[in-house]
Structure formats: structure tokens, C-alpha cells
Amino acid sequence: MLSRVADSLYWMSRYLERAEHTTRLLDVNLNLMLDESPSAAERRWQRVLQALGSPKDLEWQGDPFQLSHALTFEADHQSSVLGCIIAARENARHVREQISTEMWHRLNTLYLAVTRPEMQSDMHAEALLSRHTEGPTEFLQEVMEAVHQFHGVTDSTMSHGEGWQFIQVGRYMERASATAMLLESYVPELWKEQERGIDGNEYLEWMGLLRSATAFEAYCKVYTADLTAEWILEFLLLDKDFPHSLRFSIDAMRQALESIQGMSGGSRAERLIRLSGRLRATLSYSSMGEILAGDVVTYLRDIQTQCRQIHNAIYELYVDYSIQAALAG
């Protein structure tokens, strides 16, 4: 596969996953505003920014609707929903011949929906994110559903060859990084609240964490509705069956990388396979007791560092490689 094709498929998938993650964080936290105390609002929205990687061009100014507007409609911000959808569509346009017609139609329909002229109106955008309308939930849900539909169309209409595997790598790389950052933003307070016991407000915060990872119902089926910091962390870190857990994401990413290596027939992927295998072992062979015995934030940051190393190795091997390296196998 051409390096530009692999690059575009990888980033198309990453941007769509990022758009869905940002949309879900906004939807959950806008809904939680109905039950929050004034003192909880500032920390909650600061946590949203931290979970999105603390974008350099955004900061909390005391107005949740202003921040939500920026994270939804301002394409200049790297984590904004609109910016991610535009970037995903542009990458898909570059590889139009590699994806199915149904995939392009689904993504182009989403792009046209969020870039239509009235959506660029500040008054319309403010109305969508006004506390007095149903706009936020309806609009954000539409975006999330469109991304989910794209994933379903991709799996059912695209040949599961090398291109599809690059889409899986991008999807699960972004999801693993996002989940690690989300957990890091919550962990310090989770343990403070665990030590002093929780009240109704803290319960809402923990439920918000699980809903931010689409995990509340799945968690309750495993642990019931009894929310504890240790169980929440164990589920989102180590559960091998839940699609938004770190372990599931890393397993899926490694499986896709191994499939690409098998299809390409090259012999230069030892470092990449070693890096992904080490990260997988970090989660597959760790117990919750061992993780809690150390520094949980350091553990999560190490996972993020390993994800970046894998990303760099993917680029060295499949995108930015030299001609001499390609000829060597």
C-alpha cells in the first residue's frame, strides 16, 4: 500500500474517533449541569479540557456554553468536533478510490450537515448550545450516531484487507490515548472521594466518568451500580471484553498491526511489534493490586508515552520510510 494511502486512512479514522470522543464528553457534561453545584462546575470543565489533552489554544473562562461552542463549532481548535470532521473528510477525499461508496456517502453527509451555512452562524450555534433548548443533546447525539454509522458501514462494505486494518489501527490508537487521558483527569479526585466517602454529587461525577467512556451500563452488568474508584479503574483499564477499555483497545490495535505485517510481507516491523507487544503486556499481565501499589497517574502517562512511541514507529515503517529501507524489505 502507498504510504500516502496508509497515512490518510489512519488519520481519517483517528479524527473521527476524536470527534466522537469530544462530542460524548460535551454531551455528558452538559447534561450533568442540570444537577451540579456551582462549585463543581469549574473543576468539571477544567477536567474536560484535561481529558482532551489540554489544548494550548483553549482555556476555561467560567462559561461552559462558550467553551462548548469552541469545542463544537470552531474549526481552528484541534479537538473541536467541526475541525475533526473536516480533517477526516479531507483525508477520505485523498483516498476516495480506496474506500467504499457507502463510506464516502456517510462521511460526506456528516460533513455537509455540520458545515451548512446556518451552522456557521454564531446565533444559530449559540442557540444549539443554549441552556434553554434541546439543541445540545440533539445535535451532539446526531454527530455521535453518524460516526457510529460510519464505523458500521466501514466494517460491512470495505474489504478487510490492509486498508481496513490501518483504519482499525487509527481508531484504537486514538481511543486508547483518549481513555488514558480521561482516566488521568479523574484519578486524583476519585481517590480523595473514595477515602472520605461519597455523596450524591460525587456519585454523579463517577457516573459521568463511566458515561464519558460509554461504560455505565456495561460496568453495572459486571459490578452492579455500586460505584467505587478501584472497580471503575479496573473496568476501564483491564476489562478484555469492553470496547472502550484500554486493554481491549490495545489488543485490537496490536492485532491490526500484526495483520498489516502479515499482508505486507516485510521484515522491518520487529521494533513496532515489540513496542505494541510491550504495551499489551503492560495491561494484560498487570493486576489491579500492582497498579494501585504504584502511582496510577504515572502508570497512565506511561501508557500514553508508549502509544506515542507506537505512532512514531508506524510512521517510520509505513509512511516516512526511506527508499533504501523499503528496498531492504
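Good morning. Let me begin with a term: a residue counts as buried when its relative accessible area is under 20%, as exposed when that area is over 50%, and as partly exposed in between. Thr214 shows how the term is applied: at 37% relative accessibility, Thr214 counts as partly exposed. Please keep in mind throughout that the structure before you is a predicted model.

I shall start with the chain as a whole. The chain has 16 helices and zero strands. It contains 329 residues, and buried residues make up 55% of them. The chain exposes about 14900 Å², and carbon and sulfur atoms supply 50% of that area. If we consider contacts between residues at least 6 apart in sequence, 69% of these join residues at least 24 apart.

Next, the confidence of the prediction. The mean pLDDT of the chain is 86, and 85% of the residues reach 70 or more. Where is confidence highest, and where is it lowest? The highest value belongs to helix α4, residues 81–94, at a mean of 95, and the lowest to helix α16, residues 323–327, at a mean of 46. Over residues 323–329 the pLDDT is below 50, and this stretch has seven contacts in the model beyond near neighbours in sequence. A further stretch, residues 131–135, also has pLDDT under 50, and the model gives it five contacts beyond four places in sequence.

I now turn to the aromatic residues. A pair of aromatic rings is described by the distance of the centres and the angle of the planes. The structure holds eleven aromatic pairs. Why is the pair of Tyr219 and Phe235 called edge-to-face? The ring centres of Tyr219 and Phe235 are 6.0 Å apart and their planes stand at 85°, so the pair is edge-to-face; the cut-off for that class is an angle over 60 degrees.

Seven of its ten residues are buried, so α11 is largely enclosed by the rest of the structure. Which residues of α11 are buried? They are Ala229, Ile232, Leu233, Phe235, Leu236, Leu237 and Leu238. Ser287 is found in the loop between α13 and α14, and Ser287 is partly exposed, with a relative accessible area of 32%.

Leu183 has its place in helix α8, residues 162–196. At 0% relative accessibility, Leu183 counts as buried. Leaving aside neighbours within four places in sequence, what is Leu183 in contact with? Its contacts are Leu209, Leu233, Leu236, Leu237, Leu246 and Leu300. As for Leu209, 26 residues from Leu183 along the chain, the two C-alpha atoms are separated by 8.0 Å.

Two arginines are placed over aromatic rings. The charged end of Arg47 sits over the ring of Tyr186, 4.2 Å from the ring centre. Arg89, in turn, lies over the face of Tyr111, at 4.3 Å from the centre of that ring.

Ser68 lies in helix α3, residues 64–73, and at 0% relative accessibility Ser68 counts as buried. A polar atom of the Ser68 side chain lies 2.8 Å from the backbone oxygen of Pro64.

Finally, I come to the backbone, and return to the residue with which I began. Thr214 has a positive phi of about 50°, although it is not a glycine. Thr214 is found in the loop between α9 and α10. Ser54 also has a positive phi, near 50°, and is a residue other than glycine. Ser54 lies in the loop between α2 and α3, and at 45% relative accessibility Ser54 counts as partly exposed.

Thank you for your attention.

Definitions and conventions:
Residues are numbered from 1 along each chain as its sequence is written. This is a predicted model: local features need pLDDT of at least 70, side-chain atom pairs count only at pLDDT 80 or more; totals for chains, interfaces and linings use all residues. Side-chain values use heavy atoms; hydrogens and water are left out. Helices (H or I, at least four residues) and strands (E, at least two) are DSSP runs, numbered from the N terminus. Buried means under 20% relative accessible area, exposed over 50%, partly exposed in between (1.4 Å probe, protein chains only). A polar contact is a pair of N or O atoms within 3.5 Å; within protein, one must be able to donate a hydrogen and the other to accept it, and residues adjacent in sequence count only if both atoms are side-chain atoms. Rings of Phe, Tyr and Trp (its six-membered ring) pair if their centres lie within 6.5 Å; planes under 30 degrees apart count as stacked, over 60 as edge-to-face and the rest as tilted. A charge sits over a ring if NZ of Lys or CZ of Arg is within 6 Å of the ring centre and within 35 degrees of the ring normal. Contact means heavy atoms within 4.5 Å. Accessible areas come from the Shrake-Rupley method with a 1.4 Å probe; for residues, only the protein chains shown count as cover. pLDDT is the predictor's confidence in each residue, from 0 to 100.
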